[in-house]
Amino acid sequence: MLTFKRFFILAVTALFTVSAAMGQRSDREMSIEESYLQESIELMIIRETARSESMDQKLIALEYIAEAIDRGNTGTEIKQALEFLSIEGTVNQTRENGRLVNNFPTVRRQAAKYLGQLGTDEAKTALFRVCMAENEPMVLQEAVKSLGDIGLNENNETVRVIAWVVSRFDVHNPDNLLALSAVDAFDKLSKSGGTMDPNAVQLLVRIADGNYVRPVQERARQVLMDMRGVSR
């Protein structure tokens, strides 16, 4: 039986072999077949490391994903790996003797960040799912930021999701970084769409007058003023 460790060694060896072959062909362009083989091996490694039980392997997968996105690879395999990693330990749970053993907030946070870099409608939907399932403020902070970066807000659905997320913490456990991420996202969405849902305005007012540090309050007041100018 091919263990994960053995598979990983073989896959990396194959990738290095292809890379070496490419280096030997520095005097001419890489063929389509070589390029396709290299990408296929990389995607195979991403898929398998993302589904490993080890947090370290999942973080390695995210490093490979970041490199792939930087090269413009935002295909189905990348999207599926990020969707899987973004709900690792929330929706996708592994338990041993009743104990959750795959709760990796750092992994989910990085996955949420890279979903924002994909910038697609599918990535937005995946981030909505993160927002609905997540309880860690640091993950939600990244998810909200990514939603603002993507900038898609059909029927104000993105605004409503962000407002709901921050409202969960606003009364009993206000989080300054989460609130700031929401304020910045509202600013981007209002400038890109020109209109804003009342939920956003109400939340901005609560942040401006609520139990948050002064810089966050002032940022919320500034965005409210800017939104008045946009709406005129």
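Is Asp184 buried, partly exposed or exposed? Here are a few notes on that residue and its charged partners.

1. Asp184 is partly exposed, at a relative accessible area of 26%. For reference, buried means under 20% relative accessible area, exposed over 50%, and partly exposed in between (1.4 Å probe, protein chains only).

2. A word on the basis: this is a predicted model, in which local features need pLDDT of at least 70, side-chain atom pairs count only at pLDDT 80 or more, and totals for chains, interfaces and linings use all residues. Residues are numbered from 1 along each chain as its sequence is written, and side-chain values use heavy atoms, with hydrogens and water left out.

3. The whole structure holds 16 salt bridges, each a side-chain nitrogen of Lys or Arg within 4 Å of a carboxyl oxygen of Asp or Glu. One of them joins Glu134 to Arg108 at 2.6 Å, N to O. Glu134 sits in the loop between helix 6 (121-133) and helix 7 (137-150) and Arg108 in helix 5 (residues 105-118), so this pair ties together parts 26 residues apart in sequence. Helices here are DSSP runs (H or I, at least four residues), numbered from the N terminus. Glu134 is buried at 2%, and Arg108 is buried at 1%.

4. Back to Asp184: its side chain meets Arg219 in a salt bridge of 2.8 Å, N to O. That pair links helix 9 (residues 176-193) with helix 11 (residues 214-231), 35 residues apart. Arg219 is partly exposed, at 24%.

5. Arg219 also forms a salt bridge with Asp187 (3.0 Å, N to O). Asp187 is buried, at 8% relative accessibility. Asp184, Asp187, Lys191 and Arg219 are linked in a salt-bridge network.

Technical notes
Helices (H or I, at least four residues) and strands (E, at least two) are DSSP runs, numbered from the N terminus.
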